[in-house]
Amino acid sequence: MQSLAVLDRQWLLNLTRADILAIYEKFKDDPSQEENVRRTLYTLFEQPECIHHFGWFVNRRYVKLETPEFHKEILAIASDMDVKYAGFGAPRGHAKSTTVGFTYALWSTCYEHHHFGVIISDTVTQSIEFVNA
């Protein structure tokens with residue numbers, strides 16, 4: 001694994017879930033390494049290219065499938081601070097709302113890209129489901 005000081009875009013694009021788990025598993029049971037693991041994962045996950053890995057890692061008990069390319073594209077557009085407005089379309093059941101309303105919203109709040117988030121859905125029930133997720 002490369003030093004965090006020389007993270008490059010291509011390496012980030014080739015990063016796998018197995019790579020992230022290897023970092024986590026190597027040090028998770030060693031209390032003296034807790035801060036190093038935290039700092040390493042923080043540095044990896046703060047990169048816009050790794051938002052999908054962040055979403056998987058915080059939700060890994062439930063997310064079993066690999067992230068589809070179109071989710072990575074959605075997250076790239078959502079995280080581009082030069083893009084003021086964006087719309088995404090895909091058939092029902094393709095996790096568009098989860099990708100933007102959960103993964104991106106949580107990432108952008110954790111990494112202080114936004115001070116607060118507003119979740120808007122077409123029904124109160126859907127909004128409540130996102131908040132309770």
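The lining of the second largest pocket comprises nine nonpolar, nine polar and three charged residues (Ala, Val, Leu, Ile, Met, Phe, Trp, Tyr, Cys and Pro count as nonpolar, Asp, Glu, Lys and Arg as charged, and the others, Gly among them, as polar). The model is predicted, with local features requiring pLDDT of at least 70 and side-chain atom pairs pLDDT 80 or more, while totals for chains, interfaces and linings use all residues. Residues are numbered from 1 along each chain as its sequence is written, and side-chain values use heavy atoms, without hydrogens and water.

A pocket is an open set of points on a 1 Å grid over the protein atoms alone, where a 1.4 Å probe fits, with protein on both sides within 12 Å along at least five of seven lines; lining residues have an atom within 4 Å of a point. The volume of the second largest pocket is about 360 Å³ (the space filled by probe spheres set on the points, which are joined across faces, edges and corners). Its lining has 21 residues, of which Val63, Thr67, His71, Ala95 and Thr99 are the closest to the centre. Helices H4 (51–58), H5 and H6 each contribute at least two lining residues (helices are DSSP runs of H or I, at least four residues, numbered from the N terminus). H6 gives the most, with four.

The largest pocket has a volume of about 920 Å³. Ser97, Val100, Gly101, Val118 and Ile120 are the closest to its centre among 31 lining residues. Two or more residues come from each of H5 (69–79), H6 (96–110) and H7 (124–132), and H6 again gives the most, here eight. By class, this lining has 16 nonpolar, nine polar and six charged residues.
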